Amino acid sequence: MGGSFNPVHLGHLIIAETALSQFALDQVVWVPTYQPPHKSYDLLPFAHRWAMVHQAIADHPNFIASNLEQKRQTISYAHETWRELQTLYPNTDWHWIIGLDAFHKLPHWQNCGVLAAHCRWLVAPRHPAATEEAHSQQIYCQQVEAVFLRQGISIQWDLLRMPQVDISSSLIRAYCRMGRSLRYLVPEAVRVYIHTNHLYQNFVSQPAPEINSQLP
């Protein structure tokens with residue numbers, strides 16, 4: 001499970017726990033990105049983000065935080081991360097836990113073909129799963145599958161069945177700027193860490209991009 005985790009929040013934990021349970025995974029490896037290719041605003045230094053992830057999952061026996069991207073200290077590309085993880089965890093059946101927005105952009109990732117074919121993609125829905133919305137999310141995933149099929153690449157994906165919690169990292173950052181409480185939005189250890197280190201108080205927020213329903 002990769003991401004900027006800027007910061008990690010309860011929504012991330014629900015996604016990871018759902019994937020662990022729904023697909024009987026042995027372990028979820030949390031991999032905070034060092035420098036996302038297309039996201040630099042509001043981004044805390046890696047050390048802060050990794051520390052918060054580490055504290056957020058410390059009491060879970062099947063969650064582990066990896067700092068492998070800190071060792072590279074370069075722009076984070078998923079295919080490079082996956083190859084390093086293969087070295088650390090050989091003979092592994094890989095599942096990639098990902099949000100719907102990010103999955104829809106997968107065909108545009110660097111060297112996405114090999115990565116797409118060798119992982120089973122567990123997609124977290126973005127909106128409350130009303131009947132029409134659930135159908136739309138299936139369509140988004142099918143569009144991604146169709147792009148790869150046109151390239152001769154077979155991709156496996158599943159939508160996670162999970163409660164919908166309308167929490168985002170951008171919301172947490174906005175609450176920090178407004179001085180609002182983060183209690184019950186992030187793990188208590190993360191709330192204390194953010195408060196103690198006076199994080200996210202001077203950032204300028206940016207709007208989240210919308211999903212484009214059409215893929216090439």
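Buried means under 20% relative accessible area, exposed means over 50%, and partly exposed lies in between, with a 1.4 Å probe and protein chains only. At 14% relative accessibility, Ser-169 therefore counts as buried. This is a predicted model, where local features need pLDDT of at least 70, side-chain atom pairs count only at pLDDT 80 or more, and totals for chains, interfaces and linings use all residues. Residues are numbered from 1 along each chain as its sequence is written, and side-chain values use heavy atoms, with hydrogens and water left out.

**The chain as a whole**

- The chain has nine helices and six strands. Both are DSSP runs, numbered from the N terminus: helices are H or I with at least four residues, and strands are E with at least two.
- The chain has 216 residues, and 45% of them count as buried.
- Take contacts between residues at least 6 apart in sequence: 73% of them join residues at least 24 apart. Contact means heavy atoms within 4.5 Å.

**The sheet β1-β2-β3**

- Three strands form an open sheet in the order β1-β2-β3, with parallel pairing. Two strands pair if DSSP finds at least two bridges between them.
- The edge strands are β1 (2-3) and β3 (63-65), and each pairs on one side only.
- Three bridges link β2 (residues 28-32) to β3 in the parallel sense. Val-28 has Phe-63 in β3 as its bridge partner.

**Helices across this sheet**

- Helix α1 (residues 10-22) lies across β2 and β3 and runs at about 145 degrees to β2. Axes are lines fitted to C-alpha atoms, for helices over the stretch in contact, and angles run from 0 to 180 degrees between N-to-C directions.
- Helix α2 (residues 46-56) also lies across β2 and β3, at about 160 degrees to β2.
- In α2, the buried residues are Phe-46, Arg-49, Ala-51, Met-52, Val-53 and Ala-56.
- These buried residues of α2 pack against α1, β2, β3, α3 (68-72) and α9.

**The sheet β4-β5-β6**

- A further open sheet of three strands has the order β4-β5-β6, with parallel pairing.
- β4 (95-99) and β6 (156-159) stand at the edges with a single partner strand each, so one side of each has no neighbour in the sheet.
- Neighbouring strands of this sheet are turned by 25 degrees against each other on average, direction ignored.
- β4 and β5 pair in the parallel sense over five bridges. Here Trp-96 has Trp-121 in β5 as its bridge partner.
- β5 (residues 120-124) and β6 run parallel and are joined by four bridges. Leu-122 has Asp-158 in β6 as its bridge partner.
- Four of the five residues of β5 are buried, so β5 is largely enclosed by the rest of the structure.

- Ser-169 lies in helix α8. Leaving aside its neighbours within four places in sequence, Ser-169 is in contact with Asn-6, Pro-7, His-9 and His-12.
- Gly-152 sits in the loop between α7 (131-150) and β6. Gly-152 counts as exposed, at 70% relative accessibility.
- Gly-152 and Gly-113 are 39 residues apart in sequence, and 9.5 Å apart in space, C-alpha to C-alpha.

**The second largest pocket**

- The second largest pocket holds about 200 Å³ of space. On a 1 Å grid over the protein atoms alone, a pocket is an open set of points where a 1.4 Å probe fits, with protein on both sides within 12 Å along at least five of seven lines. Grid points are joined across faces, edges and corners, and a volume is the space filled by probe spheres set on the points.
- Lining residues have an atom within 4 Å of a point. Among them are Tyr-175, Cys-176, Arg-180, Leu-182, His-195 and Gln-201.
- α8 (169-178) and α9 (188-196) each supply at least two residues of the lining. The largest share, three residues, comes from α9.
- By class, the lining has five nonpolar, four polar and two charged residues. Ala, Val, Leu, Ile, Met, Phe, Trp, Tyr, Cys and Pro count as nonpolar, Asp, Glu, Lys and Arg as charged, and the others, Gly among them, as polar.
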